[in-house]
Protein chains: 2
Amino acid sequence: MDATDRRIIEALQQNSRMTMKELGEVIHLTGQATATRVKKLEDLGVIEGYTIRINEERIGLPIHAMITIYTTSTFHDPYLLFLKEHRQFVRHNYKVSGDGCYLLECRFPTNQELNAFLDGLSKYVNYKLSLVIHQNTQ
Amino acid sequence: MDATDRRIIEALQQNSRMTMKELGEVIHLTGQATATRVKKLEDLGVIEGYTIRINEERIGLPIHAMITIYTTSTFHDPYLLFLKEHRQFVRHNYKVSGDGCYLLECRFPTNQELNAFLDGLSKYVNYKLSLVIHQNTQ
DNA sequence: GCAACTCCTTTCATCATTCAAGTAAATCAA
DNA sequence: TTGATTTACTTGAATGATGAAAGGAGTTGC
């Protein structure tokens, strides 16, 4: 992991579909040497995969919820199972220190779905709901 | 946006570097027809870009903080400027309803950097810190 | 000095992409 | 019904990217 590797990561974060030749031009290496370095970063587990940034509003998921979870019992499995059953809505489930036990990030198509999800959720845990109004990704 | 487009998005979320030919095999189209559909999804703004999943622990950013921000004045610009000056640490700044005004997601190399960041932050806003212990991405 | 290693380049065969041309089906207006 | 238009796809050929093999240059340790 040297400065060149960091520039590879930076460039691939911007556009992971650029060719190894193009990426090589950015970091002043041949496409082949670049591909070898990228392969090494994959093998090291630094690059975990290649994905897309999608506009969730445009695929019908305008509601973005941040839900602080307060587990009532020490037995978290029913809650975790509930998440598994509703994974279509769940983006992240962060186990946190501080306020609450988990911070749950979800996406919903409508308030009806959000409401139904919260109704189900309340069988297992207490929660506090925050809705994202605007997102500023760096 | 039909079922085929949704399958394209699903496949590209798994691996955005697959070839259009490979993707075409998944959705039973030629590489050319697939590339045309992907281009359309880009033009529609559904696909916003191509990026990588990186292991932030392995690039020296093991500390994952969720910071609830309570602005003391109605003038948020000093806080937003502070974020801009420390954008290396900032992943997301969500404007939220509910508890607090913003939910700030950050990454830090060490507790020293986190501490320095919080010292700076406290000049502009009140905050409540949560540290992510474990992350469960769906 | 020499062997082993790392990191890179060059070359070439193979494979993917892209453009142009053409087909087939659906929509629409007369 | 007919003909024009549009949409979505396929095919084929040229261009460009990838990946494997061979080799060069610099570094390290003995």
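Which side chain has an N or O atom 3.1 Å from a base oxygen of DNA strand C? In this predicted model, that side chain belongs to Gln32(B). The legends below start at the DNA and then move to the salt bridges.

**Close-up 1. Protein residues around DNA strand C.** Both chains show up here: chain A brings Arg17(A), Leu29(A), Thr30(A), Gln32(A), Ala33(A) and Arg37(A), while chain B brings Thr19(B), Met20(B), Lys21(B) and Gln32(B). Sorted by class, the surrounding residues come out as three nonpolar, four polar and three charged.

**Close-up 2. Side-chain contacts to DNA strand C, at phosphate and at base.** On the phosphate side, Thr30(A) puts a side-chain N or O atom 2.5 Å from a phosphate oxygen. Arg37(A) does likewise at 2.9 Å. Over at the bases, the Gln32(B) side chain sits 3.1 Å from a base oxygen, N or O atom to oxygen. Two elements give two or more residues each to this surface: helix 3 (31-43) of chain A and helix 2 (20-27) of chain B. Helix 3 of chain A has the largest share, with three residues.

**Close-up 3. The salt bridge between Arg37(A) and Asp2(A).** Arg37(A) is in helix 3 of chain A and Asp2(A) is in the segment before helix 1 (3-14), so the pair ties together parts 35 residues apart in sequence. Asp2(A) counts as partly exposed because its relative accessibility is 30%.

**Close-up 4. Glu57(A) paired with Arg107(A).** This salt bridge spans 3.5 Å, N to O. Glu57(A) comes from the loop between strand 1 (47-54) and strand 2 (63-71) of chain A, and Arg107(A) from strand 4 (residues 102-108), so parts 50 residues apart in sequence are tied together. Buried or exposed, what is Arg107(A)? At 6% relative accessibility, Arg107(A) is buried, whereas Glu57(A), at 46%, is partly exposed.

**Close-up 5. Asp99(A) and Lys128(A), another salt bridge in chain A.** The closest N and O atoms are 3.0 Å apart. Asp99(A) sits in the loop between strand 3 (90-96) and strand 4, Lys128(A) in strand 5 (residues 125-137), and 29 residues separate them. Both are partly exposed, Asp99(A) at 26% and Lys128(A) at 29%. Elsewhere, shared partners join Glu56(A), Glu57(A), Arg91(A) and Arg107(A) into one salt-bridge network.

Technical notes: Residues numbered from 1 in each chain as written. Chains lettered and ligands numbered in written order. Predicted model: local features only at pLDDT ≥ 70, side-chain atom pairs only at ≥ 80, totals over all residues. Heavy atoms only, no water. Near = heavy atom within 4 Å. Polar contact = N/O pair within 3.5 Å; in protein donor to acceptor, adjacent residues only side chain to side chain. Helix = DSSP H or I, 4+ residues; strand = E, 2+ residues; numbered from the N terminus. Nonpolar A, V, L, I, M, F, W, Y, C, P; charged D, E, K, R; others polar. Salt bridge = Lys/Arg side-chain N within 4 Å of Asp/Glu carboxyl O. Buried < 20%, exposed > 50% of the residue type's maximum accessible area, 1.4 Å probe, protein only.
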